[in-house]
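Let's take a friendly walk through a protein model together. Have the sequence and the 3D view ready, and turn the view as you read.

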Amino acid sequence: MKFNKKKINIVDIQQTRKSVFATGVGNAMEWFDFGLYSYLAVIISQNFFTAVENDELKLVFTFATFAIAFLMRPLGGIIFGKIGDRLGRKIVLTVTIILMAVSTLLIGLLPTYDQIGIWAPILLLIARIIQGFSTGGDVFGK
């Protein structure tokens, strides 16, 4: 007669608390940034899309830039998921939080369209792509 030996998972409470806290910080940072961007959409549209004459079209471009981050999430999840499988989840969590922080800082420091021209909305778009990519890794890559 064969007996099935079941593996017993022992949970380290201290490590679990640290993981939950780090995940909470990452998610809070993500949603704070997304909420702040949507709250300031009118101001962003006036500063980054001044070449567009129509105010409604400026908002469309601003929210399209907002939406690109959501479209990048699955790609970030796939790539960071594979990295997490190979190198560990701790690395993924660290890299995604750093990417999110750097891209958020970049958005805060970006010069306006009047200062650097067409590069302002391009850099804004790149920063939003990085944010979405890192968010996908944070959420789906664990």
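How far apart are the end C-alpha atoms over residues 91–110, and what percentage of the chain there is helix? The end C-alpha atoms are 28 Å apart, and the chain over this span is 95% helix and 0% strand. Please keep in mind that this is a predicted model.

**Spans from the record**

Residues 91–110 are one of the spans that UniProt, in an unreviewed entry, lists under the feature "transmembrane region". The record also places this feature at residues 20–40, 60–79 and 116–140. Residues 60–79 are 100% helix and 0% strand in the model, with end C-alpha atoms 29 Å apart.

**One side of a helix**

Now find helix H2, which runs over residues 41–48. Its buried residues are Ala41, Ile44, Ser45 and Phe48. Why do these residues sit on the same side of H2? They cover an arc of only 100° around the axis, which puts them on the same side of the helix.

**A nonpolar core**

Two of those H2 residues turn up again inside the model. The largest nonpolar core has 13 residues, and Ile44 and Phe48 are among those with the most contacts inside it, together with Tyr37, Phe49 and Leu124. Which elements give two or more residues to this core? They are helix H1 (13–39), H2, H3 and helix H6 (119–140). H6 gives the most, with three residues.

Leu75, Ile78, Ile79, Ile83, Leu87, Ile91 and Val95 make a nonpolar surface patch of about 570 Å². Which helices each supply at least two residues of this patch? They are helix H3 (55–87) and helix H4 (89–109). H3 brings the largest share, five residues. Take isoleucine 79 as one member of the patch: this residue is found in H3 and is partly exposed, with a relative accessible area of 35%.

**Two salt bridges**

How many salt bridges does the structure hold? There are two. One joins lysine 58 to aspartate 55, with the closest N and O atoms 3.6 Å apart. Both partners lie in H3, three residues apart, which is about one turn of the helix. Is lysine 58 buried or exposed? Lysine 58 counts as buried, at 11% relative accessibility, whereas aspartate 55 counts as exposed, at 52%.

The other salt bridge joins aspartate 85 to arginine 89, and here the closest N and O atoms are 2.6 Å apart. Aspartate 85 counts as exposed, at 58% relative accessibility, while arginine 89 is partly exposed, with a relative accessible area of 35%.

**Sequence distance and space**

| Pair of residues | Apart along the chain | C-alpha to C-alpha |
|---|---|---|
| Alanine 67 and glycine 132 | 65 residues | 9.0 Å |
| Glycine 108 and leucine 124 | 16 residues | 9.7 Å |
| Glycine 81 and aspartate 12 | 69 residues | 23 Å |
| Isoleucine 10 and phenylalanine 49 | 39 residues | 54 Å |

Alanine 67 is found in H3 and counts as partly exposed, at 31% relative accessibility. Glycine 108 is found in H4 and is exposed, with a relative accessible area of 61%. Its partner in the table, leucine 124, is one of the residues with the most contacts inside the largest nonpolar core.

Where is isoleucine 10 placed? Isoleucine 10 is in the segment before H1. This residue is exposed, with a relative accessible area of 80%.

Terms used. Residues are numbered from 1 along each chain as its sequence is written. This is a predicted model: local features need pLDDT of at least 70, side-chain atom pairs count only at pLDDT 80 or more; totals for chains, interfaces and linings use all residues. Side-chain values use heavy atoms; hydrogens and water are left out. Buried means under 20% relative accessible area, exposed over 50%, partly exposed in between (1.4 Å probe, protein chains only). Helices (H or I, at least four residues) and strands (E, at least two) are DSSP runs, numbered from the N terminus. The arc is that of the directions from the helix axis to the C-beta atoms. UniProt positions are given in the numbering used here, feature names are shortened, and annotations may be inferred rather than shown by experiment. Patches are made of residues with over 30% relative accessible area and no salt bridge: like charges are joined within 9 Å, nonpolar side chains (Val, Leu, Ile, Met, Phe, Trp, Tyr) within 5 Å. Accessible areas come from the Shrake-Rupley method with a 1.4 Å probe; for residues, only the protein chains shown count as cover. A salt bridge is a side-chain nitrogen of Lys or Arg within 4 Å of a carboxyl oxygen of Asp or Glu. A nonpolar core is a set of buried Ala, Val, Leu, Ile, Met, Phe, Trp, Tyr and Cys residues joined through side-chain atoms within 4.5 Å.
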